[in-house]
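Colleague: Could you walk me through this model slowly, one topic at a time? I would like to ask questions as we go.

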Amino acid sequence: MKISTRGRYGLRLLVDIAEHANEGPIALTVVAKRQDLSEKYLQQVALLLTRGGFLTSVKGSGGGYMLGLSSEEIMIYDVLDLLEGNIAFEEPPGSEENAIERVIRLHFYQKLDQEVKKVFEGLSLCEVTKAQWFTYVI
Amino acid sequence: MVYLATCRENCSIRSISEATGISSGYLEQLMIPLRRAGLVQAERGVQGGYRLAKADITCKEVLAASEGDFEPAPCKNCTRTDACKTHQIWSLLQSAVVDFSSQVTIQELASHLVESEAGGGI
C-alpha cells in the first residue's frame, strides 16, 4: 500500500489550514506557495475535502478555505479513507481464492488492517498539528 | 513461503505452482530475491527443489526481500521532512506495518493452513 499524491497533498493542505486557522479563510495560492505544491492540484483535492465536510469554502475577495469541522473532530483515518478511497491492505477475495491465499488474507492482511486502524484511531488533525504527539508512540 | 513451511522435503517449482496457483515462470523470479535474502535454499538433483532456509521467518522478512522496505510515502529524499507534520503520520503508519509484520511468522500462517485442512477447509 502506498499513499497516493492525493492523500499526501490533501493532508498537507489540511495541516496547513489548521495551523493558520486564526488567519481566517486561506487562499489556495498561499498554501501552494507555503507548501511548494501545485495550486491546480490543490484545487482538486480541496474540492474533495469540501465534499467530505473537512473544509468549507468562502467565496469573494478575502475568500479561501477554512476547516469544516474543528481540528479535534477531524480524524486522520477518515481523511485518508476519503482521499484514498480505501486504505486497507486486504483485497477482496477473487472467485478462485485458494486455501493459502485465504489464510494469508484472513490471518495477515486483515489483522494488519485492524492494527493500522488501531494506531490511527483517535488521532485527530489537532494532535498532528501539535507536532510532538508521535514521540511517545514510536 | 507459507506452502514451503508446510513441506518436510524439498518442493519442486511444479508442486509449489500447483498448490499456490502461481505460474512456474513467476515463481522462479520470486525465488531469486528470497534466496538472496537467505530465506529459501535451493538444491539441485532428483530430490532437489526449494525449502525454507531457516525457522521463524517473519512476514516482514519476506515482504522486505520481495518488495523492499515498506514506505507508505516517498519521504526518503524530501528536504521538508523535519518541518513536515504529515511525515510523522507516515512514520507512524510505517512502524505499525513493520512492527506487526515482524511479529507474524510464516510458520504461524502455515499452522492455520494445516488447521483448515484438518477441518476439510481446503
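Colleague: Where is the place of B:Ser17?

Modeller: B:Ser17 sits in helix 2 of chain B, where helices (H or I, at least four residues) and strands (E, at least two) are DSSP runs, numbered from the N terminus. Before going on, please note that this is a predicted model, in which local features need pLDDT of at least 70 and side-chain atom pairs count only at pLDDT 80 or more, while totals for chains, interfaces and linings use all residues. Residues are numbered from 1 along each chain as its sequence is written, chains are lettered from A and ligands numbered from 1 in the order in which they are written, and side-chain values use heavy atoms, with hydrogens and water left out.

Colleague: Is B:Ser17 buried or exposed?

Modeller: B:Ser17 counts as buried because its relative accessibility is 17%; buried means under 20% relative accessible area, exposed over 50%, and partly exposed in between (1.4 Å probe, protein chains only).

Colleague: And which residues is B:Ser17 in contact with, leaving aside neighbours within four places in sequence?

Modeller: With those neighbours left aside, B:Ser17 is in contact with B:Ile22, B:Ser23, B:Ser24 and B:Leu27, and contact here means heavy atoms within 4.5 Å.

Colleague: Let's change topic to the two chains. How many residues does the contact take from each of chain A and chain B?

Modeller: Chain A gives 38 residues to the contact and chain B gives 32. Together the chains bury about 3000 Å², with 76% of it on carbon and sulfur atoms; buried area is the accessible area (1.4 Å probe) that two parts lose on being put together, summed over both. On the side of chain B, 22% of the area buried against chain A comes from B:Lys85, B:Leu92 and B:Phe100, more than from any other three residues.

Colleague: How many salt bridges does the rule find across that interface?

Modeller: The rule finds 1 salt bridge between chain B and chain A, and A:Glu19 forms a salt bridge with B:Lys85, with the closest N and O atoms 2.3 Å apart. By definition, a salt bridge is a side-chain nitrogen of Lys or Arg within 4 Å of a carboxyl oxygen of Asp or Glu.

Colleague: Which helix of chain B gives the most to the side that touches chain A?

Modeller: That is helix 5 of chain B, with 13 residues. Taken as a whole, the residues on this side of chain B divide into 20 nonpolar, 9 polar and 3 charged, where Ala, Val, Leu, Ile, Met, Phe, Trp, Tyr, Cys and Pro count as nonpolar, Asp, Glu, Lys and Arg as charged, and the others, Gly among them, as polar.

Colleague: What about the largest nonpolar core, how many residues has it?

Modeller: The largest core has 69 residues, and among those with the most contacts inside it are A:Leu14 and B:Trp90. A nonpolar core is a set of buried Ala, Val, Leu, Ile, Met, Phe, Trp, Tyr and Cys residues joined through side-chain atoms within 4.5 Å. Apart from neighbours within four places in sequence, A:Leu14 is in contact with residues including A:Leu49, A:Phe54 and A:Leu125.

Colleague: Which residue does B:Lys54 form a salt bridge with?

Modeller: B:Lys54 forms one with B:Glu61, the closest N and O atoms being 2.7 Å apart. B:Lys54 is partly exposed, with a relative accessible area of 39%, and B:Glu61 counts as partly exposed at 25% relative accessibility.

Colleague: One last thing, about the backbone: what is phi of A:Asp36?

Modeller: A:Asp36 has a positive phi of about 60 degrees although it is not a glycine. Most residues other than glycine have a negative phi. A:Asp36 is found in the loop between helix 2 (28–35) and helix 3 (39–51) of chain A, and A:Asp36 is exposed, with a relative accessible area of 63%.

Colleague: And where does B:Asp56 lie?

Modeller: B:Asp56 lies in the loop between strand 2 (49–52) and helix 4 of chain B. Phi of B:Asp56 is also positive, near 55 degrees, and B:Asp56 counts as exposed at 56% relative accessibility.
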